[in-house]
Amino acid sequence: MALLLHRRNTGWPGWIALAALVTALVAALVLGCAAAHAQSAAEIGQIKLARGAVTVQRGAQAIAATVGLRLLAQDAVQTGADAVVGITMRDNSLLSLGPNSVLRLEQFEFDETSHLGRFDSSLQRGTLAMSSGRLAKQSPLAVKLRTPTAVLGVRGTEFLVAVEP
């Protein structure tokens, strides 16, 4: 109430300036939240452990995988001869790649509220251990892993896959 009385005494120019300031602050907040949501929606998981030579192929760019690196759909994670990597997806699926492995994270959609979505990936070579998260538990047909010779449907379980060259 004191602010209203003070502003009232400064006349209309003061009110207009205050309204413009509030509008600018609200717009900045809304745009900032929208940008953060768009960025977080694109992030599908992150590197939790990286030992040895681990890279993430993102388009034409090869990125050294470090703990905390955010992963995007279409990223390919590759481990060297002495390397291992641990990945946590947004739905809390846990993926562990062994040495000389290549995993492509083809598609990942996950609704935090309903736990519905889709996770498609392909193991081109090497070993992958996976403990499925909320997505596979809610929608058993929504998680698929492809290898050069098979397609696996994940039904809310833990499994290990090895692809030999």
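**Strands and salt bridges**

Start with strand β2 and strand β3, residues 61–64: they run antiparallel, joined by four bridges. Keep in mind that this is a predicted model. Within this pairing, threonine 55 sits opposite alanine 64 of β3. The hairpin of β2 and β3 has two residues between the strands, and glycine 59 there takes a positive phi near 65 degrees.

Now the other partner. Strand β2, residues 54–58, also pairs with strand β5, residues 76–79, again in the antiparallel sense and over four bridges. Here valine 54 faces threonine 79 in β5.

On to charges. How many salt bridges does a search of the whole structure find? Six. Take arginine 58 and aspartate 75: their closest N and O atoms are 2.8 Å apart. Arginine 58 is in strand β2 and aspartate 75 is in the loop between β4 and β5, so this pair ties together parts 17 residues apart in sequence. Is aspartate 75 buried or exposed? Buried, at 1% relative accessibility. Arginine 58 is partly exposed, at 23%.

Next, glutamate 112. Its side chain meets that of arginine 90 in a salt bridge, 3.5 Å from N to O. Arginine 90 lies in the loop between β6 and β7, and glutamate 112 in the loop between β8 and β9, so parts 22 residues apart are tied together. Glutamate 112 is partly exposed, with a relative accessible area of 43%.

Glutamate 112 also forms a salt bridge with arginine 134, at 3.7 Å. Arginine 134 belongs to helix α3, residues 134–138. Shared partners join Arg90, Glu112 and Arg134 into one network.

Conventions: Residues numbered from 1 in each chain as written. Predicted model: local features only at pLDDT ≥ 70, side-chain atom pairs only at ≥ 80, totals over all residues. Heavy atoms only, no water. Pairing = 2+ DSSP bridges. Salt bridge = Lys/Arg side-chain N within 4 Å of Asp/Glu carboxyl O. Buried < 20%, exposed > 50% of the residue type's maximum accessible area, 1.4 Å probe, protein only.
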